[in-house]
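Please keep the sequence and the structure in view while reading.

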Amino acid sequence: SLQFLTLGFATVAINAGCVTLVELEVKHRPLIFGCLALAFLPIFIMLGAALNNDVMALMLYLLAALYTIRWQRVPSYSNLLAIAVSFGLGMLTKQSTVLIAPAIAAIFLWTAWHDRRAMGRYLSQFVLFLAVVVPLSLAWAVRNHLLYGISPTYVPAQDVSQYVGDHTVFARLLPFHHVGL
């Protein structure tokens, strides 16, 4: 069943969260409590059974966060490539993964600023990061543009029957307000 795939993504996401706690040097009872809290969060149970891309995006988001922490401690190319691939595939999976970009950028800039003598090495890493992330994250939009002429900024029209933005809060909460008593 395809649900094994999403269950696997949820399991990797939980493990990435626990390893992130270890990387942040959380020890003993707080580590156990944090890992148990992650393991029993209802969102992982629900997403582990759902057939959509949400859990994969969450897994890639958490992996990008984990490898960003590792890169901050050891700014190696392998950690940088792990961030780039996780983030790029996360963007390809679900655009909301972009929400981690400011945190990654802040850590990149903070680390480079505190080690200004090695700025050339950091610049080459940032260029490599962009060289991996940009093609990965834009691959679907470029494909659709080349094959079908769809603009990369295209957003499908809303289903009018489900759009409630033009109704008042009262009408949304009490949809039977038009019934006469």
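## Contacts of Ile104 and the cores

In this predicted model, Ile104 is in contact with Ala64, Thr68, Ile83, Phe87 and Phe129, once its neighbours within four places in sequence are set aside. Ile104 also belongs to the largest nonpolar core, which has 17 residues and in which Trp71, Phe87, Ile104, Phe108 and Phe129 have the most contacts. At least two residues of this core come from each of helix H4 (54-73), helix H5 (77-93), helix H6 (101-114) and helix H7 (119-148).

Apart from this core lies another, made of 15 residues, with Ala16, Cys35, Leu47 and Leu60 among them.

## Cysteines

Cys35 is buried, with a relative accessible area of 18%, and Cys18, at 14%, counts as buried too. The structure holds zero disulfides.

## Salt bridges

The count of salt bridges comes to four. Glu23 and Arg70 meet through their side chains at 3.2 Å, N to O, and this pair links helix H1 (residues 3-23) with helix H4 across 47 residues. Arg73 forms a salt bridge with Glu23 as well, with the closest N and O atoms 3.6 Å apart, so that Glu23, Arg70 and Arg73 are linked in a network.

Another salt bridge joins the side chains of Asp54 and Lys94 at 2.5 Å, N to O. Because Asp54 lies in helix H4 and Lys94 in the loop between H5 and H6, this pair ties together parts that are 40 residues apart in sequence.

Notes:
Residues are numbered from 1 along each chain as its sequence is written. This is a predicted model: local features need pLDDT of at least 70, side-chain atom pairs count only at pLDDT 80 or more; totals for chains, interfaces and linings use all residues. Side-chain values use heavy atoms; hydrogens and water are left out. A disulfide is a pair of cysteine sulfur atoms within 2.5 Å. Buried means under 20% relative accessible area, exposed over 50%, partly exposed in between (1.4 Å probe, protein chains only). A nonpolar core is a set of buried Ala, Val, Leu, Ile, Met, Phe, Trp, Tyr and Cys residues joined through side-chain atoms within 4.5 Å. Helices (H or I, at least four residues) and strands (E, at least two) are DSSP runs, numbered from the N terminus. Contact means heavy atoms within 4.5 Å.
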